[in-house]
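Open the model in your viewer and keep the selection tool at hand. Each stop below names what to select and then what is there.

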Amino acid sequence: MRPFTSTIFAEMSALALRTGAINLGQGFPDTDGPPSLLADVAANVIGGVNQYPPGPGIPALRTAVAEHQRRFYGQEVDPERVLITTGATEAIASAILALCEPGDEVVTFQPYYDSYAATIALSGATLRAVPLRPGSSGSPTFAFDPAELRAAFSERTRVVLVNTPHNPTGTVLDREQLTLLGQLAVEFDAVIVADEVYEHMLYDGREHVPMATLPGLADRTLTISSAGKTFSVTGWKVGWVHGPVDLLGSVRAAKQFLTYVSGAPFQPAIANALALPDSFYDDLASGLQSKRDLLSAGLRAAGLTVYPSSGTYFVVTDVAPLGVADGAEFCWRLPDLVGVAAVPVSVFCADPDLGRTLVRFAFCKKDEVLTEAVSRLANLQKALS
């Protein structure tokens, strides 16, 4: 674990605090979730819902997750095959630790959420990272090369860890791309671990396609999501995973010796929140799309190349047009230069050269915060000269 002793989020957030910079590095909202959700939790705490919940999670939340999958994706999920976890990060860790051991390989895309590499290292398995690269000006969205994807698979492939909508690039993998992934998983008899935490944050009419809904994949797919992103309560750390009984049993075996259980007063409140009307989910996406547009316009005006973000909280930029050769060095300087913090994409890559000049900004902030950040970024070229 020596390469994983600190996270870029902790380092950049500390730097932002120290310098008074606007923190567009770490992906957490600066507004609270729905008032009804907050009121439910407060009532639960005062009402005594403060002891260990059942190991798999409270029945009401497991049922609500199953109903959510039916409501949005037409997917039939047995509540008995839903496991509540301490955030999606624990669900991912439990799955990898349960399924992988030395000699196994895990295929995922790079750049990736930073816990992926650390969790795979803990399991003793080997990371096989397939690049997502921005396309040409006519098709600038990040995408993978099908030949490189196939080359990453072997008889040692145990897990395919796929994240869509994708952090950090904002890419939303489409049905054709996911079908290819699924075909390779079937061909090499691999388990699919689908990290879908940004499922309700899609823009410009993009569609989220759960991996488990594709033909022939339900029996080999573990689907993971969480309340933190959807309801703007990232600090609550309540997630879930569902899938076939044999795979879920393995995940539960690992999970029970990590946190055992958590989130007693949060779980029933989130069960209620999952049933909020469509207008809540629509407003979530449209509001974030507006914030994305606000920040993206400011970043372009500041001289950065801005890649389109179709989902998540994030937009990726290239700082090379500013004459910058190292995105990590740029991010360490940025708070002092203009009072804004961001994170370098290279830290999310097995091959740091892949994202050497790429920088990720988070737009899940109040409009007035983003407006102030754009105002500060307007001075960037002058500050660099």
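**Stop 1: strand β12**

Select residues 314-318, strand β12. This strand is largely enclosed by the rest of the structure, because 5 of its 5 residues are buried. Buried means under 20% relative accessible area, exposed over 50%, and partly exposed in between (1.4 Å probe, protein chains only). Helices (H or I, at least four residues) and strands (E, at least two) are DSSP runs, numbered from the N terminus.

The model is predicted: local features need pLDDT of at least 70, side-chain atom pairs count only at pLDDT 80 or more, and totals for chains, interfaces and linings use all residues. Residues are numbered from 1 along each chain as its sequence is written, and side-chain values use heavy atoms, with hydrogens and water left out.

Now show the side chains of β12. In a regular strand, side chains alternate between the two faces of the sheet. Phe314, Val316 and Asp318 lie on one side of β12, Val315 and Thr317 on the other, and all are buried.

**Stop 2: the sheet around it**

The open sheet has 4 strands in the order β11-β12-β15-β14, with antiparallel pairing. Two strands pair if DSSP finds at least two bridges between them. β11 (305-306) and β14 (343-344) stand at the edges with a single partner strand each, so one side of each has no neighbour in the sheet.

Walk across it:

- β11 to β12: 2 bridges, antiparallel. Val306 has Thr317 of β12 as its bridge partner.
- β12 to β15: 5 bridges, antiparallel. Thr317 has Val359 of β15 as its bridge partner.
- β15 (residues 358-362) to β14: 2 bridges, antiparallel. Arg360 in β15 stands opposite Val343.

**Stop 3: the nonpolar cores**

Select Val159, Leu222, Leu295, Phe330 and Phe361. These have the most contacts inside the largest nonpolar core, which has 65 residues. Helix α4 (residues 87-99) gives the most to this core, with 6 residues. A nonpolar core is a set of buried Ala, Val, Leu, Ile, Met, Phe, Trp, Tyr and Cys residues joined through side-chain atoms within 4.5 Å.

Zoom in on Phe330. What does Phe330 touch, not counting residues up to four places away in sequence? Val319, Leu322, Val324, Val359, Leu380 and Leu384 are its partners. Contact here means heavy atoms within 4.5 Å.

Next, select Leu132, Ala190, Ala194 and Leu217. They are among the 28 residues of a second, separate core.

**Stop 4: the largest pocket**

Select Gly27, Thr89, Tyr113, Lys229 and Lys237. Of the 26 residues lining the largest pocket, these lie nearest its centre. Its volume is about 490 Å³.

Pockets are found on a 1 Å grid over the protein atoms alone: a pocket is an open set of points with protein on both sides within 12 Å along at least five of seven lines, and lining residues have an atom within 4 Å of a point. Points are joined across faces, edges and corners, and a volume is the space filled by probe spheres set on them.

Colour the lining by type. There are 11 nonpolar, 10 polar and 5 charged residues. Ala, Val, Leu, Ile, Met, Phe, Trp, Tyr, Cys and Pro count as nonpolar, Asp, Glu, Lys and Arg as charged, and the others, Gly among them, as polar. α4 gives the most to this lining, with 4 residues.

**Stop 5: the second largest pocket**

Select Pro3, Phe4, Ser6, Asp114 and Ala118. They lie nearest the centre of the second largest pocket, which is lined by 19 residues. α5 gives the most to that lining, with 5 residues.

Key. On a 1 Å grid over the protein atoms alone, a cavity is a set of points where a 1.4 Å probe fits but cannot get out, and a pocket is an open set with protein on both sides within 12 Å along at least five of seven lines; lining residues have an atom within 4 Å of a point.
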